[in-house]
Amino acid sequence: MHFLKAYLVKKTVQGMLFMRRYVKLRAIEIVENIVEMKATVRQAAKKFWYRNLRYI
């Protein structure tokens with residue numbers, strides 16, 4: 001049972017690290033697009049398929 005708990009914690013931490021890396025890379029991609037195209041945040045959001053623009 002302890003092995004299973006340790007395994008689940010390890011997988012959860014690995015998943016969190018993957019998501020953190022994914023979010024960071026996605027943010028860099030969006031920022032690069034904004035700078036290169038001289039776009040607004042809303043224009044970039046539309047290009048990258050962000051549908052909820054209420055917070056932008």
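A salt bridge is defined here as a side-chain nitrogen of Lys or Arg within 4 Å of a carboxyl oxygen of Asp or Glu. The structure is a predicted model, in which local features need pLDDT of at least 70 and side-chain atom pairs count only at pLDDT 80 or more, whereas totals for chains, interfaces and linings use all residues. Residues are numbered from 1 along each chain as its sequence is written, and side-chain values use heavy atoms, with hydrogens and water left out.

A search of the whole structure returned 1 salt bridge. Side chains of opposite charge can pair when their charged atoms come close. The salt bridge joins the side chains of Arg 26 and Glu 29, with an N to O distance of 3.8 Å. Both residues belong to helix α1 and are 3 residues apart, about one turn of the helix; helices (H or I, at least four residues) are DSSP runs numbered from the N terminus. Arg 26 is partly exposed at 23% relative accessible area, and Glu 29 is likewise partly exposed at 40% (buried, under 20%; exposed, over 50%; partly exposed, in between; 1.4 Å probe, protein chains only).

A nonpolar surface patch comprises Phe 18, Met 19, Tyr 22 and Val 23, which together have about 420 Å² of accessible area (Shrake-Rupley method, 1.4 Å probe). Patch residues have over 30% relative accessible area and no salt bridge, and nonpolar side chains are joined within 5 Å. Tyr 22 lies in helix α1, residues 2-37, and is partly exposed at 43%.

Lys 38 is located in the loop between α1 and α2 (41-47). Most residues other than glycine have a negative phi. Lys 38, although not a glycine, has a positive phi of about 50 degrees, and this residue is exposed, with 76% relative accessibility.

How values were computed. Patches are made of residues with over 30% relative accessible area and no salt bridge: like charges are joined within 9 Å, nonpolar side chains (Val, Leu, Ile, Met, Phe, Trp, Tyr) within 5 Å. Helices (H or I, at least four residues) and strands (E, at least two) are DSSP runs, numbered from the N terminus.
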